[in-house]
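Colleague: Hi! Could you walk me through a few local features of this one?
Modeller: Happy to, here it is.

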Amino acid sequence: MTTKYLKKKINELTQGTSSNSAKLDTEISESLHPNHFTVCKVVRHGFPFEPTAMAYDPVQNILAIGTKNGSLRIFGQPGVDCHERHDSDVAIIQIMFLINEGALVTVCADNSLNMWNLRQKRPAILHSLKFNKEIITYCHIPFQSKWFYIGTERGNIHIANIESFTLSGYVINWNKAIELSRKTLPGPVIHLSDCPTDQNKLLIGFESGTAVIWDLRTKAAENRFNGAQPIRSISWHFEGRQFMCSHTDGSLSCWDIKSPSKPISVTYPHGKVAVKGGKPVDPCAPIMKVEWKSAKLGEPYVIFSGGLCQEKGGTGTPCVTIIQGKNTTVLEMEYPVIDFVSLCETPWPSENQDPHAILVLLNNDLVVIDLMSPGYPCFENPYPMDLHESPVTCVQYFADCPADLIPVLYSAGSNSSRKKTSYSKKNWPIKGGQWGTGGSSDQEIIITGHADGSLKFWDASQVTLQVLYKLKTAKVFERGKQHKSLDGDEEPYAVQKITMCPDSRILLVAGASGHLLLYRFSKLEASCEITSLEISIVYEVEDPDTPETELPPMPTPNSLKRNTSTLSAESTAGISNNVPPPAAPPSPNPSTGAHKPSTSSGEGMRDGVPNLKVKSGLQKYTMGYQPDLCCQLLWTEGEPPPLVTCLQINSFYGLIAFGTVNGLVIVDYIQKTCLLHMGTPNLYGSADPYQRTPRSPKKPKVPQSLGDIVEQLTDSERSRQATGAVAAAEQPNGICVSPTGNNSKKMKSVTDGKLTRSKSQTSSRRVTKTQSNPCDTGANGDRDKDSADASGVGGIFSGLLSQSRSTFSLFGSQDRSESSFTQSRSSSMSSLDRESKEGVQSLYFVESYARKTDPVTGQVIPETEKNPITSPCLWVGTTLGSTLVIVLSLPPPGDQRISQPVFVSPSGTVLCMKGTILNIAFLNSNGGLISASTEAWKDMNYEQKEGEREKKKPSMPPRVPRISPSASTEMADRQFAVITSEKESKVISLPSQTCAYRAKIAESSYVVKADVISMPNKELCLACYIANGHVVIYSLPSLRLLLDYDFVPLTDLRVGRTFQFSAHGKALYQCSPTEIQRLTVCAEHSNSLHDMLGDLFIPCTTPEAPSRGFFKNLFSVSSGSLDRQELFGENSGKPSRSIAKHVPGTAGMEAVKAQSQTVGGEIARTKLELIKRGEKLSETEKRTSEMMQNAESFASAANELMKKQKNKKWYQL
């Protein structure tokens, strides 16, 4: 009988589940397919990380920068920015433009030369030449030449053809270039250049200090110049008669090509020389590069980097020196100088260069100096290269913002007070390229958090970034000697987490010192006082005292049960630590969440104090984001506050929630009250599925969880505790204390099994510490009698759990430098250490079903008097894979929202998965995303200034009607929770809490970032970034795999910490300490990317060669034009095949593809123009026919009138 009954029930459950699944398949249609997705990099922002080389095209006016990891960044006018990368992570040691030809050559550290085609929007490699036996040290491409020179470490010079990228048989060996009497190698080639006035003469500079002028026709050295010091660089005078060398001892030597025996002059620009012509007293830094540029008006320029006197053992201050005649200007730089280039109008080396600016590439910045303005001011850099002004610690991406948000942020940023630097008034000199024709219509904002506590808001709607607004969170706190951050570094204000509600413009920022700041946006200046809440999460985990056989059996994870009585946040604030614990049996998992007293031991142990101190009194804030609330986690017995792992804000509810590595905090920012502060294990109560390991000696047991306390509170105990709660009015116990408590009202009595409170609160802001002071039992008892009329305000969980005076912190010794996504990697739940260190990793406010119903009968499990309805909830995901639901009871909007308390209570729902919970989202019955309601923005300062504000009354849309299952809907679930962990994703039907769909995402690896995103067609999908580098996309709600793309492996934790998915399939991550990479997973965006990117090459005429007068030709050192093709071509012989190998590139196919796309687009545009022209012609023809008809009718009418008046006399008219 029992077996038949069980089989019957199992069949009913199976039929119910299958019918649900069938209904899901028929009701929710999915239109997304694999061809809708691809992964494509869009654009890279920021300063190139670890730059190594730079080049400039003076005709196209574009700049190229190479980096240590093989990246190539090309900049034109603001808005023209391109990033490409070599196949391997090799440093780029030199870049050479083929001036005005739409190509450049990169020399890499792996002894390869790569030809890049710039005539397409995505540059690609046309040819590569890989050297096998020799190391490349320096290369040179003469202007308008089809051959270029390659110098090697051995001192040899090879010549290669640019078009075919093959070597010539013409080779200059080192032993022929130097004197025959020299027996040692001259060292690597560090310079190669043609004589400006004679192409037949090649100047070769060796590192050892020797320079050689080589005659290309005779294949012999014409002159040799032996310097006393090693050479770093060489520069010609434009007349081709002299050249200047820079040396390692900080000297400059000038040589005449006709006098190789000794230099014309040797000077130490920054050295103090005791004897004329001698060496300086103090050593000077090497002059790494020198340029000798002539000017049409005035003396020539001598520009060089380095050369300053240096202290013993020092390297000297990085600088660039400009010498013109007797005037010497030293420009000190903030970072080491990598390279510099003088910007001239002409590309011809034999013409008067007349430089107008200097491009200086620093290790962390790009500086452009104006040579035409007095004092040599700098140009204001229009590129977003100050992204790393302070190290970037976190990034937040909003790809679909309200249309009015960007303008107001720009207005606030432009009106904010700044230190105005005297920039040059001339236009930015790098003006090449052309903007793209296409663009995104989305309003996109990127927020970057920095180590100094600042935030930068960037407009990312176009290809380039534009800074909108800068916010400094450190201004909230007092300066002075601050403690280190929780990570142990010297940046206590570093931003760790950011979230923002774009509709209400409320900003939430979490810092490295366990602090959290809430900002409101205002268009007016205001003076306000910041409310401060000090919060502590303290608890301990012990073994239960009761025998194991007396414990109730452990329920299954999907039907965990606990007491669901609702408690007020105000009713529990005044429960004293010294009130005797109830006599009821203790909870199996005793723990506390109470605030610790603010004490400090004699040994200097910090306890109950925050890491930073908020400024007191009225503070003046300019237009923009103004602080409204500061929450600070406290030190506990010498252990720093826990790190904040996640943030969530809901402007409709007026609540914020943030999780830490060991607990959860919920704050009502409207009433400035903490509603909940509790360790993660305590959130389970009696439904905890994990066995916690003991962490401290046995202590007298007290109720630890909310459900246990409610069960144990008898009527007499409640009355006694309600009376004892009055004692905490002056020194409230626990941290959840309202800053606006009123002593004139009494606390209500406890009735109907609920703890309630009454509270009076004003809207004034003041600094308030919500902490308790230690006191003895006697003093507490006296205060219970004297303070009968006082009221205490506190958190629902924390006030009740403050009865236990725990003094042990579980997470004080945790490694805080470890990223949050690397805390838990194993899906096994057997580790006692991991079970104790359970943190909160994800949060989500939503109006949903909090409790479970039977999928067949629709009845609530356990049975209650009413069917479950949707209610405001907070879904909490933990690092052990548990998902908990906390029910929120909110008063009605308006005045009652300010005066009445907010209730929070557990729902008893616990859902378990493998791995840390990374994301929680909700779908409605049609498959649409259920997003939390938001509050419209209001400027509170404006209302106060105009006197229109009576009380803070949020403008809230009408609440969505709550849904309750009925007889007609009992078989169909109304919502679906999409929960994604490190290992898997599940779609849970609500309110039945059955698993509709499930997908295993990562088995050998783990998911780093997961989010439910919308595509341009409003369809939803689940996007995940896995540690092995794959980006995977799943459909919703069926969790079908749509894309699995091998993208970027997680070799740098920075990528995993900053990877962000956003709306319309857009995403970004911080690819280096100074750069942010944007990408898209949408195929539609990828196809339109070609039109959105700018053009790097614009066809233009090359300036004419300078005309040579009669006397210049007469006294010129030139011996006639040089036919390089005849000299280096086939007649030179065949090169050795073992020296280098030619590798064809992929730019040919890319160019054909780009050209086909361009031609296709042109054809489509031409067709559209023809259609428009045809329509206009037809319209013109129609109008012409109408005019002809009107003319004919007018002619006939005129003819009739003429006939009628023809025979009349003049007096009859």
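**Chat about the model**

Modeller: Let's begin with helix α12: its face turned away from the buried side carries the exposed residues E1084 and N1087. Exposed means over 50% relative accessible area, buried under 20%, and partly exposed in between, with a 1.4 Å probe and protein chains only. Helices (H or I, at least four residues) and strands (E, at least two) are DSSP runs, numbered from the N terminus. This is a predicted model, where local features need pLDDT of at least 70 and side-chain atom pairs count only at pLDDT 80 or more, while totals for chains, interfaces and linings use all residues. Residues are numbered from 1 along each chain as its sequence is written, and side-chain values use heavy atoms, with hydrogens and water left out.

Colleague: Thanks! Which residues of α12 are buried?
Modeller: In α12 (residues 1083-1092), they are A1083, H1085, S1086, L1089, H1090 and M1092. They sit on the same side of α12 because they cover an arc of only 165° around the axis, taken from the directions from the helix axis to the C-beta atoms.

Colleague: Switching to rings, how many aromatic pairs are there?
Modeller: The structure holds 25. Rings of Phe, Tyr and Trp (its six-membered ring) pair if their centres lie within 6.5 Å; planes under 30 degrees apart count as stacked, over 60 as edge-to-face and the rest as tilted. One of the pairs is F457 with Y625, stacked at 5.7 Å centre to centre with 15° between the planes. F457 lies in strand β31 (residues 454-459) and Y625 in strand β42 (residues 624-633), 168 residues apart.

Colleague: Are F457 and Y625 buried or exposed?
Modeller: F457 and Y625 are buried. They also belong to one aromatic cluster with Y469, F521 and W937.

Colleague: And what sits over the ring of W937?
Modeller: The charged end of R505, 4.1 Å from the ring centre. The criterion is NZ of Lys or CZ of Arg within 6 Å of the ring centre and within 35 degrees of the ring normal.

Colleague: OK, strands now. How is β2 paired with β3?
Modeller: β2 and β3 (residues 62-67) are antiparallel, with six bridges; DSSP has to find at least two bridges for strands to count as paired. D57 has I62 in β3 as its bridge partner. Four residues lie between the strands of this hairpin, and N61 takes a positive phi near 60°.

Colleague: Why is β2 called largely enclosed?
Modeller: Because six of the seven residues of β2 (residues 51-57) are buried.
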